[in-house]
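Please examine the sequence and the structure before reading on.

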Amino acid sequence: MTENDPIEQEKRLKYLDLVASAVILQNTVDMSLAIQTLMSQGELIPMRHLAAMSPYITRHIKRYGDYVVNLHNIPQPLEAAINLPPEIFET
């Protein structure tokens, strides 16, 4: 940050937090789809393996890497992507 403006610094931190949250959400969806695919193919996945998984990547991070955004790829609804029980969405 080249500016000493506290408002601009706070904005940048909030944007960074938003991007990190979006990446974690996308990792969660991708992991859930992979698990569902394996299970539909008859693979048995032990609960201890699922418990050790995390969508928050802490190793092999390409901090300033190539992040391609395809604006024509519309994501499916979250409840369809990770197959959550319907009672979660009831109000």
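## Salt bridges

The structure is a predicted model, and the count of salt bridges in it comes to two. Here a salt bridge requires a side-chain nitrogen of Lys or Arg within 4 Å of a carboxyl oxygen of Asp or Glu.

Lys11 and Glu8 are three residues apart in helix α1, which covers residues 6–40, so about one helical turn separates them. Lys11 is partly exposed, at 35% relative accessibility. Glu8 is likewise classed as partly exposed, its relative accessibility being 25%.

In the other pair, the side chains of Glu10 and Lys14 form a salt bridge with an N to O distance of 3.2 Å. Both Glu10 and Lys14 belong to helix α1, where they are four residues apart, about one turn of the helix. Glu10 has a relative accessible area of 43% and is therefore partly exposed. Lys14, at 54% relative accessibility, counts as exposed, because the exposed class begins over 50%.

## The helix α1

Just after α1, Gly42 adopts a positive phi of about 90°.

## Buried residues in α1

Which residues of α1 are buried? They include Asn27, Val29, Ser32 and Ile35.

Ser32, a residue of helix α1, has a relative accessible area of 18% and is therefore buried, because buried means under 20%. The side chain of Ser32 also reaches the backbone oxygen of Thr28, at a distance of 2.8 Å.

## Confidence in the model

The protein chain has a mean pLDDT of 77, and 70% of its residues reach 70 or more. Where in the protein chain is confidence lowest, and where is it highest? Confidence is lowest in helix α3, residues 78–81, with a mean of 67, and highest in α1, with a mean of 84. Where pLDDT is low, the predicted coordinates should not be read in detail.

Key. Residues numbered from 1 in each chain as written. Predicted model: local features only at pLDDT ≥ 70, side-chain atom pairs only at ≥ 80, totals over all residues. Heavy atoms only, no water. Helix = DSSP H or I, 4+ residues; strand = E, 2+ residues; numbered from the N terminus. Buried < 20%, exposed > 50% of the residue type's maximum accessible area, 1.4 Å probe, protein only. Polar contact = N/O pair within 3.5 Å; in protein donor to acceptor, adjacent residues only side chain to side chain. pLDDT = per-residue confidence, 0-100.
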